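Have a look at the sequence and the fold before reading on.

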Amino acid sequence: MAKTIYNRLKAVLAEKGEKNKELAEHLGIANSTVSRWATNDAQPSIETLFKIADYLKVDVRTLLVSNLKS
């Protein structure tokens, strides 16, 4: 299966002016883990996805679907 080029987490972080490192610190995880999510090498769990959405103050669907507005 080909890796998806476009990544919603990376896009939303950029839209919100947040950095991978800031999200990692908030979640208490390694920066490399967030980097892997932002490059589609790995995906966060559903529970973590909700925590990310809360931190970024967006609907969780915004992290999954590109045509939703935050």
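Predicted model: local features only at pLDDT ≥ 70, side-chain atom pairs only at ≥ 80, totals over all residues.

## Overall build

Of the chain's 70 residues, 33% count as buried. The accessible surface is about 4900 Å², and carbon and sulfur atoms account for 53% of it. Looking at contacts between residues at least 6 apart in sequence, 51% join residues at least 24 apart.

## The largest pocket

How big is the volume of the largest pocket? It comes to about 280 Å³. Of the 14 residues lining this pocket, N7, R8, N40, Q43 and L63 are the closest to its centre.

Helices α1 (8-16) and α4 (46-56) each supply at least two residues of the lining. By class, the lining has eight nonpolar, five polar and one charged residues.

## Salt bridges

The structure holds two salt bridges. One pairs K51 with E47, with the closest N and O atoms 3.5 Å apart. Both sit in helix α4, four residues apart, so about one helical turn separates them. K51 counts as partly exposed at 42% relative accessibility, while E47 counts as exposed at 54%.

R61 and D59 also meet in a salt bridge, at 3.0 Å from N to O. R61 is partly exposed, with 49% relative accessibility, and D59 is partly exposed at 34%.

Terms used: Residues numbered from 1 in each chain as written. Heavy atoms only, no water. 1 Å grid on protein atoms, 1.4 Å probe; cavity = no way out; pocket = protein on both sides within 12 Å on 5 of 7 lines; lining within 4 Å. Points joined across faces, edges and corners; volume = space filled by probe spheres on them. Nonpolar A, V, L, I, M, F, W, Y, C, P; charged D, E, K, R; others polar. Buried < 20%, exposed > 50% of the residue type's maximum accessible area, 1.4 Å probe, protein only. Contact = heavy atoms within 4.5 Å. Areas by Shrake-Rupley, 256 points an atom, 1.4 Å probe, with all protein chains shown as cover. Salt bridge = Lys/Arg side-chain N within 4 Å of Asp/Glu carboxyl O.
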